[in-house]
Amino acid sequence: MEIDDNVLAAKSLVRFGVRHMFGVVGISVTSLANRAVALGVRFIAFHNEQSAGYAASSYGYLTATPGVFLTVSGPGCVHGLAVLSNASINTWPTVLISGSCDQADVGRGDFQELNQIEATKPFSKLSVRASHISEIPARVAQVLEWAQSGRPGGCYLDLPTDVLHQKISESEAEKLLTEVEKNRAKPEPYSISNSKIEEAVSLLRRAERPLIVFGKGAAYARAEHVLTKLVETTGIPFLPTPMGKGLLPDTHALAATAARSLAIGKCDVALVVGARLNWLLHFGEPPKWSKDVKFILVDVSEEEIELRKPHLGLVGDAKQVIEVLNKEIKDDPFCLGNTHPWVQAISNKAKDNVAKMEVQLRKDVVPFNFLTPMRIIRDAIADLGSPAPIVVSEGANTMDVGRSVLVQTEPRTRLDAGTWGTMGVGLGYCIAAAVASPDRLVVAVEGDSGFGFSAIEVETLVRYQLPVVVIVFNNGGVYGGDRRRPEEIDGPHKGDPAPTDFVPNAGYHALIEAFGGKGYLVGTPDELKFALSESFSARKPAVINVVIDPYAGSESGRMQHKN
């Protein structure tokens, strides 16, 4: 009996570990999606390729396995480019698979023709084409392996239409699959120099004001237990990047998040684990950091360490490196202790800043500012206990305020715009989180602008009945509507809405109701508390439209950290 390429591609995906796929089907790839489903893959079908891809990439992060998304050729593949680039910037394992035109018709203006290999190369670790059905198993295995090897990122697999219609015997297909499976490379453990480990421990031991910084690379590596051991053994304060929050609870006594400026400005040795010294960490440079600080940088990429030129670089998986550090410390332990001046300074500053913030948060401001509803959401999430919900945060003011107010107590429970500050990721991330972690509720806290990029995917939530509650902070536009100065309101089209304006009092809650989901319109604390209580208990798709004072926000560019 013969099978075609769609069956062989589906068999290859399943054989090499793919359990979920995301995408938008159409001519050339519909059969592949159907075949994958028939073989046990759960396929989540979207309206927009970018949303599907953002789901795949965050699935890759949450599961530490490549997230796979499927598109049609030409424009479908082009829509995937934003995802490949975002995945590579965030270092999340992601594979884009697209159909492409018949190889015999290349250059003749075929339907949706595009040189997709060349189009994807600038944004991917690897771009390959299966030119014949016999190449399918090897190509599928190759992109999956490349996506997660070394520094994870995006990869691309091109499946021409003519190849998708080629056939092969079942016995030959099984032979190809077995051969590729047998020859798949096993990841080699990193070799970590003993002398460098000893030097790192010595630097931390001798430091007067040490700091441990960790990011989403440490979260991806599942380093929470070894980091907890390191922090609690040594008594060194820690600072997570936004998506590193939750590896240790934000409520931990050694958390320096609320004393961020003091921590990075005064530390003399900083152990940075799975986080890059990019704009999120002020490039590790003055004036935010001391000019004399010594960085110990732990990263899977030797190139990253060479770029940053730290005092000491440790190349390796975050979890493995910290395990070795812990073993070295165990032989000659040290601990700063609660009365150490540095620990006390961080603790006192954090408590002072938290107290000042709580004064503002305790006020019930109506019409809503950003703080009042964010406090109510924080408290409602805390009441759920464990397993904690996965929080998806997207927007300008909404994300900035949420980062300071919302509390993460468990690992990988925060997804946001990430290293690139990408808008439009929200609903895709929500869907991936619900699929990857079905035991957790997913709570999205979205600005109305961020929500608008992917709002139609609320239909996808309803279609698959995913436990996602989307909370939209509705302040009538980007940053809050018309913020123009009088001298900016001029010209023949001055009567048009401002570039930052949306329709006032938009009924975002009605959008999900159109598809059978539950919508809430809220403008007071009691209304919001009721909506959160009911929707959290139901664990069904819902949108809560929170009306915010349009003048409560401000223009937000880079994420600002003021603590």
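**Close-up 1. Asp379 and its salt-bridge partner in the predicted model.** Asp379 is partly exposed here, with a relative accessible area of 32%. Its side chain forms a salt bridge with Arg378, and the closest N and O atoms sit 3.1 Å apart. Arg378 counts as buried, because its relative accessibility is 15% and the cut-off for buried is under 20%.

**Close-up 2. Arg15 meets Glu174.** Here's a salt bridge with its closest N and O atoms 2.8 Å apart. It links distant parts of the chain: Arg15 belongs to helix α1 (residues 5-15) and Glu174 to helix α8 (residues 170-183), 159 residues apart. Arg15 is partly exposed at 28% relative accessibility, and Glu174 is partly exposed too, at 36%.

**Close-up 3. Glu208 and Arg209.** These two side chains meet in a salt bridge, 3.4 Å from N to O. Glu208 counts as exposed, at 52% relative accessibility, while Arg209 comes out as partly exposed at 29%.

**Close-up 4. An open, parallel sheet of five strands.** Read across, the strand order is β10-β9-β11-β12-β13. The edges are β10 (238-240) and β13 (312-315), each pairing on one side only. On average, neighbouring strands are turned by 15 degrees against each other, direction ignored. Within the sheet, β9 (residues 210-214) and β11 (residues 269-273) pair over five bridges, with Pro210 opposite Val269. Helix α14 (residues 318-331) packs on the sheet, touching β11, β12 (294-299) and β13, and its direction makes about 140 degrees with that of β11.

**Close-up 5. A salt-bridge network.** Arg151, Asp299, Glu304 and Arg308 are all linked up in this one. Across the whole structure, a search turns up 26 salt bridges.

Notes: Residues are numbered from 1 along each chain as its sequence is written. This is a predicted model: local features need pLDDT of at least 70, side-chain atom pairs count only at pLDDT 80 or more; totals for chains, interfaces and linings use all residues. Side-chain values use heavy atoms; hydrogens and water are left out. Two strands pair if DSSP finds at least two bridges between them. Helices (H or I, at least four residues) and strands (E, at least two) are DSSP runs, numbered from the N terminus. Axes are lines fitted to C-alpha atoms, for helices over the stretch in contact, and angles run from 0 to 180 degrees between N-to-C directions. Contact means heavy atoms within 4.5 Å. A salt bridge is a side-chain nitrogen of Lys or Arg within 4 Å of a carboxyl oxygen of Asp or Glu. Buried means under 20% relative accessible area, exposed over 50%, partly exposed in between (1.4 Å probe, protein chains only).
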